[in-house]
Amino acid sequence: MPVRVLLVDDEPLVRAGLRAVLEAQPDMAVVGEAADGAAVIPLVRQTRPDVVAMDVRMPLLDGIEATRALLRTVADPPKILVVTTFENDEYVYEALRAGADGFLLKRARPAEIVHAVRLIAEGESLLFPASVRQLAADYGDGGGNRAARAALERARLTEREGEVLRLMARGLSNAEIAARLVVGTETVKSHVSAVLAKLGARDRTQAVITAYESGFVAPG
């Protein structure tokens, strides 16, 4: 089955460019387009995408609020890939905090766009871990976020789960974590699932942000 993608951007040329890149792939299909975040929820319900590629800045409802609304309203929400002009942007970090799964620069090369969509759809690795780490260093409260610290304390991660979370924060995939810890990939998947459940995190990105904001992992 192809990865189904919904495009949300107020610039028609950006949407056209993304559509051309994605539909050139045999395993991807663009199932809809919207010019503003306000149209996301009805379109998601209508088209049932696997990934929403969404501009972070839009005139009526931006990508941050659209992400919050989507995750709050839709029972089984798609993955959310924020599309942005600037990499080191507080808007991007707020979108990730709101529940977006990763971000993509508008100037990215076609191969990078395809890779980002595939990685987000699979959910087994962190997209651009160095950039997420830098965003956390710039905007993440320096490990003093009370909510994140409380979430980590409640989680009571085992020693092995803590190791897995630290490796997730470094951007390692499940297979890479398995090789590092000398265990099976299925074992790593079980540990990752346990970490997400204990932290109340939607995915790896939110778990890693909690790790940074609580001070469990230093973003520097």
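**View 1. β1, α1 and β2 form a right-handed β-α-β unit.** The model shown here is predicted. The unit takes in helix α1, residues 12-23. Strand β1 spans residues 3-8 and strand β2 spans residues 28-34. The two strands pair in the parallel sense, over 6 bridges. One of the paired positions is V3, whose bridge partner in β2 is M28.

**View 2. Five strands build an open sheet.** The 5 strands follow the order β2-β1-β3-β4-β5, and the pairing is parallel. β2 and β5 (102-105) stand at the edges. Each has a single partner strand, so one side of each is left without a neighbour in the sheet. From one strand to the next, the twist averages 25 degrees. α1 packs on this sheet and touches β1 and β2. The direction of α1 makes about 165 degrees with that of β2.

**View 3. Strand β3 is buried on both faces.** β3 covers residues 51-55. Here 5 of the 5 residues are buried, so β3 is largely enclosed by the rest of the structure. In a regular strand, side chains alternate between the two faces of the sheet. V51, A53 and D55 lie on one side of β3. V52 and M54 lie on the other.

**View 4. β3 pairs with β1 and with β4.** β1 and β3 run parallel and are joined by 4 bridges. L6 has V52 of β3 as its bridge partner. L7 stands opposite A53 in β3. Strand β4, residues 79-84, also pairs with β3 in the parallel sense, over 5 bridges. The bridge partner of V51 in β4 is K79. Between β3 and β4 the chain crosses through helix α3, residues 63-73. This β-α-β crossover is right-handed.

**View 5. Helix α5 meets helix α1.** α5 runs over residues 110-122. Two packed helices are described by the angle between their axes and the distance between the axes. The axes of α1 and α5 come within 10 Å and cross at roughly 75 degrees. That makes α1 roughly perpendicular to α5. On the α1 side, L18, V21 and L22 make the contact. The contact residues divide into 7 nonpolar, no polar and no charged.

**View 6. Helix α5 lies across the strands.** α5 spans β1, β2, β3, β4 and β5. The helix runs at about 150 degrees to β4.

Technical notes:
Residues are numbered from 1 along each chain as its sequence is written. This is a predicted model: local features need pLDDT of at least 70, side-chain atom pairs count only at pLDDT 80 or more; totals for chains, interfaces and linings use all residues. Side-chain values use heavy atoms; hydrogens and water are left out. Two strands pair if DSSP finds at least two bridges between them. A crossover is right-handed if, with the strands pointing away from the viewer, the path from the first strand over the helix to the second runs clockwise. Axes are lines fitted to C-alpha atoms, for helices over the stretch in contact, and angles run from 0 to 180 degrees between N-to-C directions. Angles under 35 degrees count as roughly parallel, over 145 as roughly antiparallel, 65 to 115 as roughly perpendicular and the rest as oblique. Contact means heavy atoms within 4.5 Å. Ala, Val, Leu, Ile, Met, Phe, Trp, Tyr, Cys and Pro count as nonpolar, Asp, Glu, Lys and Arg as charged, and the others, Gly among them, as polar. Buried means under 20% relative accessible area, exposed over 50%, partly exposed in between (1.4 Å probe, protein chains only).
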